[in-house]
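This briefing goes with the sequence and structure shown below. It takes one chain as a whole, then the contact between two chains, then a single residue.

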Amino acid sequence: MRGPEIEFRGLTKRFGAVTAVEDLSFTVRPGVVTGFLGPNGAGKTTTLRMLLGLVRPSAGTATIGGVDYRRLPTPIAVVGAALEATSFHPGRTARDHLRVVATAGGIHASRVGEVLRLTGIEEAADRRVGGYSLGMRQRLGLAAALLGDPVALVLDEPINGLDPEGIRWIRSLLRILAAEGRTVLVSSHLLSEVQQTVDEVVILARGRLVHQGTLEELESRDAVVVDAPDRLALAAALAAGGLVVEPAATGWRVRGAGPAAVGAIAQRAGIALSLLRADADGLEDVFLALTGSGAEG
Amino acid sequence: MTRALAAEWRKLVTTRIWWVLGLVLIGYVGFVAGLLGVMFGVLGEQLAQDPEAPQIPAETLPAIVYSSVTAVGYVIPLILGTLAVTGEVRHRTLTPTFLATPARGTALLAKLLVLLAAGGGYGAAGLVASIGAGAPIIALTGGDPQLDASATWALAGRAVLAMALWAAVGVGVGSLIQNQLAAVVVVLAFTQFVEPMLRFGSAFWEPAAQVARFLPGSASDALVGASIFTSFSGGGMVAVPPLDWWQGGLVLAVLAALVALAGYATAWRRDIT
């Protein structure tokens, strides 16, 4: 199986005077899990809704394998989408909800039982959705997305509301689906939520693309915590090497270089190190700095 | 289109609203038909002796009793049709609907056709109630329930058509006014207050009465051919002949189509955010 490429080209959406998404261009590849990240209100949901034909772009295009979603003959067999965990009639059972979607999408009714089993809500399937927890609704949304055995998956905040066991389950499911060659695009406002799952990230802030690439590329902009018996000499050497140095709980925190580069500078200056490690919080800091949504430093 | 039709049907029958409203319709129509039967059956002779009282000829009584299904019951399919659309907005199920059926016109057309069928079903159920409650009472009070008359069954057929069209009008209203509460308030205010006032008020001035024949409720009564509301005329009222049955049906059908088209052109095509 090889999923389609999902392509955004110059995608723009204005709501009156507010520009929610501005000139967004990126490509989502099949076979990997792509994280679509950004703080709440960055325009992620609007972007996904434009891709799925629910919101009309002000400019630009979003296509699946080169085709507009609304032109796909059996759209839910190509793209499975779970957009929000509240899109259910509270008085309808989960099984009936899935039957309605399967009927409308031209999917064989036997898939309903399969996705109910796959998402672990089979026992609750004949209860009305009004009594479901957020986690169960997320599973039902995912079940609907998987109904058509789609080659591409678009999930908006799928981890929100899941218990730890559910989070582990969805992470492994996404990895399996991507490994099968499908195109998987998962949005989240928390980097840590998807950090262990995604291969590539697209980061959005205030409607604009601020980073696209692998997580490693982000980590290479990582912070390093370093310490030496002679702290002042270390700081001077690092500053001379063009790095930003600031005090940390133990030693110094250095931005703009990885551990290897920092270690090399110390060696050249003849300074023995007592500590050298990547800052565990660094990736999140880079994310926050990129999206401008948190305190700096 | 077949898929969308089947999905809309399944959507309608998988929540409780269709049978709750259906029971309300049967109870309401049965009660009114029974009441009318008792009033004009038992009291008929007394009324006939009082020239001031409203007069109902015995031979038109069955049609008036049986047509309670549309005369008072038409608001029920109208509400069902409205809720079929506004419920999707309220519960945000337009998202899965449009994901599976991206052609929004197809989705709306499927809803219209399914609700036409459901409204017809309501018409049949309401007739069971109005005839079931009314015919025995008419027979018991010495009248002829006219159950073997072809005119009675032609009226029944026209009542089914009227109820079907009312449900379609409801879909149109819901697609235009997507806020569920607002749509229901508008429907109830218009059918229970505004239109009755207009129909009553216009009856005293001939040109107004001519126009009022085209009000949806009047058109519905004309289509069915009988209604308790058109059976009286009091002092000072002008007698304007109602529309022909087919004209009444046409007015309702055009109304349903126009409101649905207006809804499609505006609210139905909006962004689903």
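Helices (H or I, at least four residues) and strands (E, at least two) are DSSP runs, numbered from the N terminus. Counted in this way, chain A has 11 helices and 13 strands. The model is a predicted one.

**Chain A as a whole**

- The C-alpha trace of chain A spans about 70 × 45 × 35 Å along its principal axes.
- Chain A has 297 residues, and 55% of them count as buried.
- The accessible surface of chain A is about 12,300 Å². Carbon and sulfur atoms account for 51% of that surface.
- Take the contacts in chain A between residues at least 6 apart in sequence: 69% of them join residues at least 24 apart.

**Where chain B meets chain A**

- How many residues does each chain bring to the contact? Chain A brings 34 residues and chain B brings 24 residues.
- About 2,500 Å² of area is buried between the two chains, chain B and chain A. Of this buried area, 58% comes from carbon and sulfur atoms.
- Between chain B and chain A there are 12 residue pairs in polar contact, with both residues at pLDDT 80 or more.
- On the side of chain B that touches chain A, the elements giving two or more residues are α1 (2–13) and α7 (94–100) of chain B.
- Sorted by class, that side of chain B holds nine charged, eight nonpolar and seven polar residues.

**Salt bridges between the chains**

- Two salt bridges are counted between chain B and chain A.
- One salt bridge pairs Arg92(B) with Glu84(A). In this pair, the closest N and O atoms are 3.1 Å apart.

**One residue in chain B: Ile131(B)**

- Which helix holds Ile131(B)? Ile131(B) lies in helix α8 of chain B, which covers residues 104–140.
- Why does Ile131(B) count as buried? Ile131(B) counts as buried because its relative accessibility is 12%, and buried means under 20% relative accessible area.
- Leaving out residues up to four places away in sequence, Ile131(B) touches Tyr66(B), Pro136(B), Leu147(B) and Trp153(B).
- Ile131(B) and Gly30(B) are 101 residues apart in sequence. In space, their C-alpha atoms are 8.0 Å apart.

Notes. Residues are numbered from 1 along each chain as its sequence is written. Chains are lettered from A and ligands numbered from 1 in the order in which they are written. This is a predicted model: local features need pLDDT of at least 70, side-chain atom pairs count only at pLDDT 80 or more; totals for chains, interfaces and linings use all residues. Side-chain values use heavy atoms; hydrogens and water are left out. Contact means heavy atoms within 4.5 Å. Buried area is the accessible area (1.4 Å probe) that two parts lose on being put together, summed over both. A salt bridge is a side-chain nitrogen of Lys or Arg within 4 Å of a carboxyl oxygen of Asp or Glu. A polar contact is a pair of N or O atoms within 3.5 Å; within protein, one must be able to donate a hydrogen and the other to accept it, and residues adjacent in sequence count only if both atoms are side-chain atoms. Ala, Val, Leu, Ile, Met, Phe, Trp, Tyr, Cys and Pro count as nonpolar, Asp, Glu, Lys and Arg as charged, and the others, Gly among them, as polar. Buried means under 20% relative accessible area, exposed over 50%, partly exposed in between (1.4 Å probe, protein chains only). Accessible areas come from the Shrake-Rupley method with a 1.4 Å probe; for residues, only the protein chains shown count as cover.
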